[in-house]
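Try each task before reading its solution.

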Amino acid sequence: MSTWRKMRVTVRTLQGFMKCPSRTSCTHGRRGWDRSFTTGPVVHNRFFKDLEKQFSAARDKLVDALPGGQWTPIEINPDLPPERADIVIIGGGVVGWSIAYWLKKKERVRDGVKVIVLEKDPTYSQASTVLSAGGIRQQFSLRENIQLSLDSADFMKNINEHLGVWNEDPVDIQSVGAKVSLLSPTQLKEKFPWVNAEDVALASYGLENEGWFDPWTLMNAFRRKAISMGVIQSFGEVTGFNCSINRVDTVDGETVDIKRIKHVNVRMANSLEYQPVECAIVVNAAGAFSAKLVDMMGIGTGPKDTLSGLSLPVEPRKRFIYVFHCPDGPGLDCPFLVDYSGIYFRREGLGGNYITGTSPEEDEEPDISNLEVDHDFFTEKMWPSLAHRVPAFEKLKVTSAWAGYYDYNTFDQNAILGIHPLAQNMYFATGFSGHGLQHSPAIGRALAELILDGGYQTLDLTALGFERIMSNEPMRERNIV
Ligand SMILES: Cc1cc2nc3c(=O)[nH]c(=O)nc-3n(C[C@H](O)[C@H](O)[C@H](O)COP(=O)(O)OP(=O)(O)OC[C@H]3O[C@@H](n4cnc5c(N)ncnc54)[C@H](O)[C@@H]3O)c2cc1C
């Protein structure tokens, strides 16, 4: 009974508190409530004016103390990376997470290798992985690229055996399976009546291991699995390195500095906090911005055609993807089609929507300072070719578009894997120039083999190393889109 009374009193007090404004004239609340909470209008105003003044002074002080004019509040990031790790992977895109997964998969003792993945942007707003078209094909000209595609396709067909996590939903990569057959123009027209085959000499049609999948799902599946295996994820930007330096003379008589990274300096996301991470090995999987890390090490600054002038030939190149609607288009029957003009398109969902993209001419490369879309590029450079190949596309309507960066290898548009001769413990996995997503499963395994076994075990990718750049022997891939 007494408990019941107490409860009723509490309820009344609460009701009073909620109903009564802080005015002295209130007659509903208890007297004590009035006495302790009312300050009266004059005192009340002065108090808040004072408080405002103090806030404004404190804010001005902070602005003065900070470099640059734009003041943003300092946030403390709770996820500082550990002070030490065996392997630090810089870049939490699909390539970084694939490498992390394979390192854990290959470790001989449980928790034998401590791996951290560092990602500067928790929103992945500029990561190539999430902005890509999700295409996979085996139709390349180089043996290495074909093998990377075949192995990766095999991985994706059995993705739940690799990346399934106990008690979690299975990975649904939604890949479209499609062996290659060559079609004459007549055969092409019979198979795809919506295609204009007039100027086509031969078409190559992938029956297997080609199509597309959801890039975000693949990246997340790698990430989820790697974390479940003990990989540490940390959000922060690598802004520098502490290195030991070994000065040596080369057989050519050049004096060079060979560097070994001791600490990776990480600035935490949205914060002024720094954390140096001591490590044995660093993996550069920073995609379009991987060359920045090489600059930070002071590598490649020497004269051209010398070892000290050997930089990483990777730069961001902006590529657009346009989404369009065309109810009379090819429909369900539409494969991932790459025209010989370089334009590609594929179906997007089931509602008459498609996505398309192409690479511009070398002298028409768009400005890379932002990810704005150039709509004239579609209208002037792409639409006429699209409508030529598929007449129904004459009546398409662009509904949206986005842009992303290729991690473009200016030397030969192929991956650069392994170690730079002047950076002893930094392994590279970059320069994919538009085909890194589909190759990521096999690339991850290759890098893990290189790091943990000291050499490739499954696919020999030696040809994709720095040596070709040093000896100026590009590996030309004819089928870059
Ligand atoms: C429009 C477009 C279409 C594409 N279509 C296809 C396709 O159909 N098929 C295909 O296979 N490939 C395609 N690609 C290419 C593919 O997306 C990339 O090759 C692949 O995603 C590269 O993955 P990544 O992990 O190396 O790079 P990213 O996904 O870019 O990841 C690198 C990460 O590193 C982080 N990072 C960079 N610097 C630092 C730093 N200092 N500190 C911490 N983190 C850092 C970045 O924030 C980023 O998240 C396309 C790309 C684009 C732009």
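**Exercise 1.** How many of the residues of α4 are buried?

*Solution.* First, the ground rules. You're looking at a predicted model, where local features need pLDDT of at least 70, side-chain atom pairs count only at pLDDT 80 or more, and totals for chains, interfaces and linings use all residues. Residues are numbered from 1 along each chain as its sequence is written.

Step 1: find α4, residues 94-106. Helices (H or I, at least four residues) and strands (E, at least two) are DSSP runs, numbered from the N terminus.

Step 2: apply the burial test. A residue is buried if 20 or more other C-beta atoms lie within 10 Å of its own, exposed if 12 or fewer, and partly exposed in between, with C-beta atoms placed from the backbone.

Step 3: count. In α4, 11 of 13 residues are buried, so the helix is mostly covered. Among them are Trp-97, Tyr-101, Trp-102 and Lys-104.

**Exercise 2.** Work out which parts of the chain surround the ligand.

*Solution.* Step 1: list the neighbours. A residue is near a molecule or strand if its C-beta atom, placed from the backbone, lies within 6 Å of it. There are 41 residues around the ligand, and Gly-91, Gly-93, Gly-287, Gly-404 and Gly-436 come nearest. Elements that give two or more residues to this shell include α4, β2, β7 and β10.

Step 1: sort by class. The shell has 19 nonpolar, 16 polar and six charged residues. Here Ala, Val, Leu, Ile, Met, Phe, Trp, Tyr, Cys and Pro count as nonpolar, Asp, Glu, Lys and Arg as charged, and the others, Gly among them, as polar.

Step 2: go up to domains, whose bounds come from an automatic or database domain assignment. Domain 2 (77-161 + 214-313 + 410-481) and domain 3 (177-212 + 317-409) both give residues to the shell, so the ligand lies between them.

**Exercise 3.** Trace the sheet that holds β14.

*Solution.* Step 1: set the order. Two strands pair if DSSP finds at least two bridges between them. Five strands form an open, antiparallel sheet, ordered β11-β12-β13-β10-β14. Its edges are β11 and β14, each pairing on one side only.

Step 1: follow Tyr-344 in β12. It stands opposite Val-338, and its bridge partner in β13 is Gly-357.

Step 2: check the turns. The β11-β12 hairpin has five residues between its strands, with Gly-342 at a positive phi of about 105°. The β12-β13 hairpin also has five, and there Gly-349 has a positive phi of about 75°.

Step 3: look at the side chains. Tyr-344 and Arg-346 point one way from β12, Phe-345 and Arg-347 the other way, and all are buried.
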